[in-house]
2 protein chains.
Amino acid sequence: MFDYFFNPESIAIIGATANPKKFGNAVTSNILSNENLKSKLFLVSNTAEEIMGKKCYKSLLEIENEIDLVIILIPAKVVLQVINDCIDKKVKGIIIVSSGFGEIDEEGKKLESLISEKCKNANIRVMGPNCVGIQNPKVGLNASFIQMPIQGNISMISQSGSIGCALFYAMEPSGLGISKFANIGNAIDVAFDEMLDYFDNDEDTKVIALYLESLTDGVQFFKVLKKLALKKPIIVLKGGKNSQGMEAASSHTGSIATNYEIIKAVLHQSNAILCENLEDFITAIKTFSLLPLPKGDSIGVLTNSGGSAVLFTDNIERYGLKLTTFSETLKKEIQPYLIPLVKMVNPLDMIAGAGKQQYYQVTKAMINDPKIDIIVAGCVIPPFLEMETDEHYKGVLQAWNESNRVKPVIPMFLFSENFKNLRNFAILEKAPIFFSPNEAAYAIKLIVEWTTSHNKKNLS
Amino acid sequence: MFDYFFNPESIAIIGATANPKKFGNAVTSNILSNENLKSKLFLVSNTAEEIMGKKCYKSLLEIENEIDLVIILIPAKVVLQVINDCIDKKVKGIIIVSSGFGEIDEEGKKLESLISEKCKNANIRVMGPNCVGIQNPKVGLNASFIQMPIQGNISMISQSGSIGCALFYAMEPSGLGISKFANIGNAIDVAFDEMLDYFDNDEDTKVIALYLESLTDGVQFFKVLKKLALKKPIIVLKGGKNSQGMEAASSHTGSIATNYEIIKAVLHQSNAILCENLEDFITAIKTFSLLPLPKGDSIGVLTNSGGSAVLFTDNIERYGLKLTTFSETLKKEIQPYLIPLVKMVNPLDMIAGAGKQQYYQVTKAMINDPKIDIIVAGCVIPPFLEMETDEHYKGVLQAWNESNRVKPVIPMFLFSENFKNLRNFAILEKAPIFFSPNEAAYAIKLIVEWTTSHNKKNLS
């Protein structure tokens, strides 16, 4: 299913151009310039003989090879002719990148209906129109006009191309990469439900992330979601939540935004994860991509910053979560590594002088403690005592790795976004960093809720 | 008032040390190494003859010069003797950096009472104990063991030193600098109220930011707050909001955390700004430091990203805010700069190809529109069409600067944290960047509420 989109044997680009000021060129050169891409490539242009050293055909029908995937970059008003050619050529899939359809006016909507009917009858699947395209970094396919994300285990369907692009900016510095990305735009044919089904069976997809504004078939979406959300985390952000936002969404993709209360109810029933804003969405992606799930909800905290432990504690109480009480065994275990000023309570404030050794030993002891399910290693990177800016994180990771990451360990390193050595090390280790008490608490809420609801479902 | 803390003519450091593994050394070298500092410096050490080329005295009383400020770095148990010396020497202020006092046990609390009583009788003011110290970048004073922040218009009082340190990490990349910083620690004498009073009269302070866990004198705090919050924005984050958090706070600074509901009520009455988490706290600091206040709450949005406009619209509705309807005059004004696919509605999605020229012209037209009070210039930085990554921002800034920044312009550049050229340009221009729809909406809520409540107060 859909492999002709994400791993096509042959691609034809309709409207290829060498003019760097045109979107068609961005797509063309994103496809042509990737040396890893094994697909056979064919360019179709009205005007050019050759682009980037590659021969251009005057029409799709001139190409002798079979074509899996056609990418359409020409203006809306001339798309229909190419659709007819696609039908004659018996292609499998079409991506219409061009805009100027249902998001503009009634005439555009009519054009969409016509295209979708023709393709349906010919058994050709369509993505778009009004989209940035699709991507599969693993095979070097960037059939879009945005930047190629790094490769990873997250598959994403976004109804907005620019939100996809912005998310890549946010994800890459944390090493969060993409398995498959699709911007479905006005979604006149391929929509969320079938894409979900495809990602479910995709071995390279661990986490599924959806940005959605409207659903074409809510019932079908719900059915698929209910089946899948028990297996893989499905993280959802809804754009157009209320009357104003829905109006904005409608002028964005030309479809009526789906009612938020309905979406909420549906997602809740299906155990998908609904996020309230982009920041939470990114945190959820990071959490499910990089953390193991906990056995229970008992939390142990170590830190070098009393203030951040206080703020973290405030934040988890919002979610009905609690810190556990340290056992005497644990206290005895960790005491030798701590200075006498440290109080043996949870959250454990090891005070500003704690370094790699303390972070390593205490994280290890908490992981080994059967009473603790989730470990939060908080830190404000100390600019004093000649400490290395990544030593605390390295101590935590050493303990976590030695335990084979059996329990979730949450490194809560306040506003450490700009410590390059730390971030590079985290990427190398495929380990997360959470940047605030708020973010760390939200991550824990997510994994605890996931575990709880899935334990229930599996029992019932 | 308090100039002997923030701009002392002379400083004595008790417990100066050359051992880079000791906090005393961090403070000593932070003070000694700043060439801009004009204060006369005196080191007191039991053991060293000389530190960093500077003579050491055996005791405070050996120093012939008068001393404004004494900084104490020695262990808690030997502090009392130095306090006696301070009284004999008639110093004006003392900062006790050392920990091991009321935050540890009852004995520590008793020691605090003794110190505070002695100093009160001698008319000497005390900051701390258990604090990182104070800073005044303008005069080159870093009397603390954390990094010196950049100079700016924000004065900050933090009950947690590490939260201060973390906030500097978060603020500096946005060019948000400090006028005065103080970590009051266990606050046995100098507390929030008097510091506020001092900052109120400080010409270099435009915005006041407080991280507080407990208040020693709530009534006095409220009095001062009520007077000041009408003049300067006072931004507050409270640590220890609920039973668990309050317990954590209590083991942090040794004081009982103040009840959150009371703080909320007090802040609301006094028009101070209460933030719910660190992220909001930083956004509030940025907002009041870098944006002018609006005349009303009518919002106009331009963007190259339909999705981000949808999410922004969702977010402002949460705060009861609304987008205005564009006037015919405005539409006529901007149409020539936009492609025909662009719909003339608010939010204005100029579509992905819009560049510097469009951002400049449309921002300018919205600033000039008497029906619009607040302009939001949204952008997902395009990785295509050979666009410069900072051209959209530069277009917005050009229009804003030409108008002398009479209206708040909110550049909402999604997850553009890692575009170095953009951020450096923003710092140079002393202009903000907001990184998400959520953040931009919160900034607007803050300035609209501030304007509304202050208009009311000034009328009443």
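Me: Hi! Which residue does the side chain of Arg405(B) meet in a salt bridge?

Reply: In this predicted model, the bridge spans 3.4 Å, N to O, within the cut-off (a Lys or Arg side-chain nitrogen within 4 Å of an Asp or Glu carboxyl oxygen). Arg405(B) sits in the loop between helix H14 and strand E18, and its partner in the loop between helix H15 and H16, 24 residues apart. That partner is Glu429(B).

Me: What pLDDT lets side-chain atom pairs count?

Reply: Residues are numbered from 1 along each chain as its sequence is written, while chains are lettered from A and ligands numbered from 1 in written order. Side-chain values use heavy atoms, without hydrogens and water; totals for chains, interfaces and linings use all residues, local features need pLDDT of at least 70, and side-chain atom pairs need 80 or more.

Me: Is Glu429(B) buried or partly exposed?

Reply: Buried is under 20% relative accessible area, exposed over 50%, and partly exposed in between (1.4 Å probe, protein chains only). Glu429(B) has 24% relative accessibility, so this residue counts as partly exposed.

Me: How far apart in sequence are the parts tied together by Lys286(A) and Glu439(A)?

Reply: The closest N and O atoms of this salt bridge are 2.9 Å apart. Lys286(A) counts as buried at 2% relative accessibility, and Glu439(A) does too at 11%. Lys286(A) lies in helix H10 and Glu439(A) in helix H16 of chain A, so the pair ties together parts whose separation is 153 residues.

Me: In the pair of Asp68(B) and Lys92(B), which residue is partly exposed?

Reply: Their salt bridge has its closest N and O atoms 3.2 Å apart. Both residues lie in loops of chain B: Asp68(B) between strands E4 and E5, its partner between helix H3 and strand E6. Asp68(B) counts as buried because its relative accessibility is 10%. At 41%, the partly exposed residue is Lys92(B).

Me: Which helix gives the most residues to the side of chain B that touches chain A?

Reply: The rule finds 2 salt bridges across this interface, and Glu386(B) meets Lys21(A) in a salt bridge at 3.9 Å, N to O. With 9 residues, the top contributor is H11(B).

Me: How many salt bridges does the structure hold over all chains?

Reply: Arg125(A), Asp189(A) and Glu194(A) are joined into one network by salt bridges that share partners. Over all chains, the number of salt bridges is 28.

Notes
Helices (H or I, at least four residues) and strands (E, at least two) are DSSP runs, numbered from the N terminus.
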